[in-house]
Each structure stands twice: as C-alpha cells, then as structure tokens.
Amino acid sequence: MTSRARKLRHSDTLAEKLAWKLLRDRQLLHYKFRRQVPLGNAIVDFYCPFLKLVVELDGAGHAYASQSNKDRRRDEELARRGYRVLRFPNGIVLKAPREFVNRIRECIEDWSSSVG
C-alpha cells in the first residue's frame with residue numbers, strides 16, 4: 001500500500017496538484033495535510049491526521065454508478081473507522097479554488113463549534 005501511495009504522489013492529476021498547493025504547509029487554518037495516504041485498504045487523496053479529515057477529489061469516472069457505489073461504500077467504511085470524508089469534483093478545484101478551500105474551512109469550523 002505504501003509503495004502504491006508513493007507512486008500516486010508522483011502521478012498527480014492537475015486538480016490534485018492545485019489542491020495540494022492550497023492545502024500544504026498548514027495554509028488552511030494551520031492544519032497539516034498529507035497527500036496520497038494509506039488508511040486501511042484505501043489510499044486517500046488528502047488527509048489531516050489531527051482532524052481525521054479525508055479530502056477526496058473525483059474526476060469524471062466517479063460519476064458512473066459503479067464507481068459512485070464503490071466511493072459510497074469506501075466513505076462509509078472510513079466513517080465507521082472515525083474518519084470524516086469530504087468529496088469534491090475536480091472542477092471545483094480547477095475553476096473555483098477559493099470555493100474549494102472555503103468549503104473545507106466551513107466544515108472544519110462547523111465541526112469545531114459542535115465539539116466545543
């Protein structure tokens with residue numbers, strides 16, 4: 001799993017490259033994100049260990065029912081293990097990067113306010 005994750009880090013899509021520029025170096029509310037992280041049987045696009053937050057980017061293939069069902073089951077499994085999963089289409093990162101970051105920020109702030 002680790003070697004596959006390493007390979008994925010070297011073959012990022014354009015959307016993943018841009019998302020990583022937006023999430024890396026603690027730019028988002030000072031939280032550390034990692035990319036292409038193995039979590040159990042899955043390799044997730046981006047992961048914030050402190051928040052147990054997974055951010056997934058979906059290309060066009062994720063719109064097909066078969067892939068969408070796999071994604072749903074994978075998200076449910078991650079949720080059972082205590083992770084929070086946010087999914088975004090690649091288009092939002094490419095066309096509206098500020099909206100992408102703002103949506104993640106809003107989710108983090110909502111979770112923080114419900115805990116405290």
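How many salt bridges does the structure hold? The structure holds 10 salt bridges, a salt bridge being a side-chain nitrogen of Lys or Arg within 4 Å of a carboxyl oxygen of Asp or Glu. The model is predicted, so that local features need pLDDT of at least 70 and side-chain atom pairs count only at pLDDT 80 or more, while totals for chains, interfaces and linings use all residues. Residues are numbered from 1 along each chain as its sequence is written, and side-chain values use heavy atoms, with hydrogens and water left out.

Several of the salt bridges involve Arg87, among them one with Asp58, in which the closest N and O atoms are 2.5 Å apart. Arg87 belongs to strand 4 (residues 84-89) and Asp58 to strand 3 (residues 53-58), so this pair ties together parts that are 29 residues apart in sequence. Helices (H or I, at least four residues) and strands (E, at least two) are DSSP runs, numbered from the N terminus. Arg87 is partly exposed, at a relative accessible area of 23%, whereas Asp58 is buried at 14%. These classes rest on relative accessible area: buried is under 20%, exposed is over 50%, and partly exposed lies in between (1.4 Å probe, protein chains only).

Arg87 also meets Asp71 in a salt bridge, with an N to O distance of 3.7 Å. Asp71 lies in helix 3 (residues 65-80) and Arg87 in strand 4, so the bridge ties together parts that are 16 residues apart in sequence. Asp71 is buried, with 6% relative accessibility. A further salt bridge joins the side chains of Arg87 and Asp75 at 2.7 Å, N to O. Asp75 is in helix 3 as well, so this bridge from strand 4 ties together parts 12 residues apart in sequence. Asp75 counts as buried at 18% relative accessibility. Through shared partners, salt bridges join Glu56, Asp58, Asp71, Arg74, Asp75 and Arg87 into one network.

A polar atom of the Glu56 side chain lies 2.5 Å from the backbone nitrogen of Asp45. Apart from neighbours within four places in sequence, Glu56 is in contact (heavy atoms within 4.5 Å) with Val44, Asp45, Phe46, Arg74, Val85, Leu86, Arg87 and Phe88.

The nonpolar residues were examined next. A nonpolar core is a set of buried Ala, Val, Leu, Ile, Met, Phe, Trp, Tyr and Cys residues joined through side-chain atoms within 4.5 Å. The largest such core has 22 residues, of which Phe33, Leu53, Phe100 and Ile104 touch the most other members. At least two residues of this core come from each of helix 2 (14-23), strand 2 (42-48), strand 3, strand 4, helix 4 (90-95) and helix 5 (97-115). Helix 5 supplies the largest share, five residues. Leu53 touches Phe33, Phe46, Tyr47, Cys48, Arg84, Leu86, Ile104, Ile108 and Trp111, when residues up to four places away in sequence are not counted. A second, separate core of seven residues includes Leu39, Val44, Val54 and Tyr83. In soluble globular proteins, nonpolar side chains tend to be buried together.

The count of disulfides is zero, a disulfide being a pair of cysteine sulfur atoms within 2.5 Å. Cys48 is buried, with a relative accessible area of 1%, and Cys107 is partly exposed at 23% relative accessibility.

Positive phi values were found in residues other than glycine, including His30, with phi near 65 degrees. His30 occupies the loop between helix 2 and strand 1 (34-39) and is exposed, at 66% relative accessibility. Gln36 likewise has a positive phi, near 50 degrees. Gln36 is in strand 1 and is buried, with a relative accessible area of 4%.

How values were computed. Polar contact = N/O pair within 3.5 Å; in protein donor to acceptor, adjacent residues only side chain to side chain.
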